[in-house]
Amino acid sequence: MALKAQETVNLAVLSGTEILYLDKVDSPRSVGVMSKIGQRNPVYCTSLGKSLLAFQSEEEQARIMAEIEFRPLTPHTITSRKEFLKEMKQIRLQGYALDWREIEEDVECIAAPIRNHIGNPVAAISISGPQKKIQTPGKRNM
């Protein structure tokens with residue numbers, strides 16, 4: 001997938017209100033996004049985290065949401081619970097999540113959950129790259 005996309009591909013799991021990177025394949029290009037195995041990031045501003053949280057049970061989603069402290073990491077970070085819940089609904093409808101420069105100013109990502117045999121999300125996979133190179137569908141107005 002990384003070779004076809006020519007961008008960084010990440011694998012992560014949910015860990016409380018964060019995601020934990022388990023594996024990655026770096027972009028073969030000279031300009032790309034760097035991530036680290038073992039790194040953690042907030043669930044609310046990453047496509048990986050949003051794709052994992054959106055498909056949790058309502059009870060689990062509510063429990064995790066109650067613990068999130070929304071802080072702006074860029075001017076594009078969602079900091080409103082109401083807006084975040086609206087995005088969760090959209091992610092469930094479309095089946096994937098987007099990060100429109102929410103955790104890093106010049107990085108965009110698209111992610112989808114990986115489900116177990118009964119349909120529960122157990123991990124997520126993403127493609128991330130510099131904003132100028134990634135063409136994410138349905139971009140928010142910036």
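Guide: What follows is a walk through charges, rings, cores and helices. One caution comes before we start: this is a predicted model.

Visitor: What makes Arg 40 and Glu 18 a salt bridge?

Guide: Look at the distance. Their side chains come to 3.4 Å, N to O. The cut-off is within 4 Å, so the pair qualifies as a salt bridge. Arg 40 belongs to strand E3 (residues 40-42) and Glu 18 to strand E2 (residues 18-25), so this pair ties together parts that are 22 residues apart in sequence. The structure holds 6 salt bridges.

Visitor: Why is Arg 40 called partly exposed?

Guide: Its relative accessibility is 39%. Buried needs under 20% and exposed needs over 50%, so Arg 40 falls in between. Glu 18 is also partly exposed, with a relative accessible area of 30%.

Visitor: How do you know that Glu 87 and Lys 50 form a salt bridge?

Guide: The N to O distance is 2.7 Å. The limit is within 4 Å, so the label holds. The two residues sit in distant parts of the chain: Glu 87 is in helix H4 (residues 81-94), Lys 50 is in helix H2 (residues 47-54), and they are 37 residues apart. Both Glu 87 and Lys 50 are buried.

Visitor: What other residue forms a salt bridge with Lys 50?

Guide: Glu 102 does, with the closest N and O atoms 2.8 Å apart. Glu 102 lies in the loop between strand E4 (97-100) and strand E5 (107-115), 52 residues from Lys 50. Glu 102 is buried too, as is Lys 50.

Visitor: On to rings. Why is the pair of Phe 70 and Phe 84 called edge-to-face?

Guide: Take two steps. The ring centres are 5.4 Å apart, and the limit is within 6.5 Å, so the rings pair. Their planes stand at 65°, and over 60 counts as edge-to-face, so that is the name. Phe 70 is in the loop between H3 and H4, while Phe 84 is in helix H4, so the pair ties together parts 14 residues apart in sequence.

Visitor: How do you know that Phe 70 is buried?

Guide: Its relative accessibility is 15%. Buried means under 20%, so Phe 70 passes. Phe 84 has a relative accessible area of 0% and is buried as well. Ring pairs link Tyr 44, Phe 70 and Phe 84 into a cluster.

Visitor: What sits over the ring of Phe 55?

Guide: The charged end of Arg 115 does, 4.5 Å from the ring centre.

Visitor: Which residues have the most contacts inside the largest nonpolar core?

Guide: They are Leu 53, Ile 68 and Phe 84, in a core of 16 residues. H2, helix H3 (58-67) and H4 each supply at least two of its residues. H4 gives the largest share, 3 residues. Leaving out residues up to four places away in sequence, Phe 84 touches Tyr 44, Lys 50, Leu 53, Met 65, Phe 70 and Ile 78. Apart from this core lies another, of 7 residues, including Ala 12, Ile 19, Tyr 21 and Ala 111.

Visitor: Why is H2 described as mostly covered?

Guide: Count its buried residues: 8 of 8. Among them are Ser 47, Gly 49 and Lys 50.

Visitor: How do you know that the buried residues of H3 line one face?

Guide: Start with the list: Gln 61, Ile 64 and Met 65. Viewed down the axis of H3, the buried residues fall within an arc of 100°, so they line one face of the helix. The face turned away from that buried side carries the exposed residues Glu 59 and Ala 66. The cover over the buried residues of H3 includes strand E1 (8-15), H2 and H4.

Visitor: One last case. What makes Ser 126 buried?

Guide: Ser 126 lies in strand E6 (residues 121-130). Its relative accessibility is 2%, and the cut-off is under 20%, so Ser 126 counts as buried. Not counting residues up to four places away in sequence, its contacts include Thr 8, Ser 47 and Ile 110.

Terms used
Residues numbered from 1 in each chain as written. Predicted model: local features only at pLDDT ≥ 70, side-chain atom pairs only at ≥ 80, totals over all residues. Heavy atoms only, no water. Helix = DSSP H or I, 4+ residues; strand = E, 2+ residues; numbered from the N terminus. Buried < 20%, exposed > 50% of the residue type's maximum accessible area, 1.4 Å probe, protein only. Core = buried A, V, L, I, M, F, W, Y, C linked by side-chain atoms within 4.5 Å. Contact = heavy atoms within 4.5 Å. Phe/Tyr/Trp six-rings, centres within 6.5 Å; stacked < 30°, edge-to-face > 60°. Lys NZ or Arg CZ within 6 Å of the ring centre and 35° of its normal. Arc of directions from axis to C-beta.
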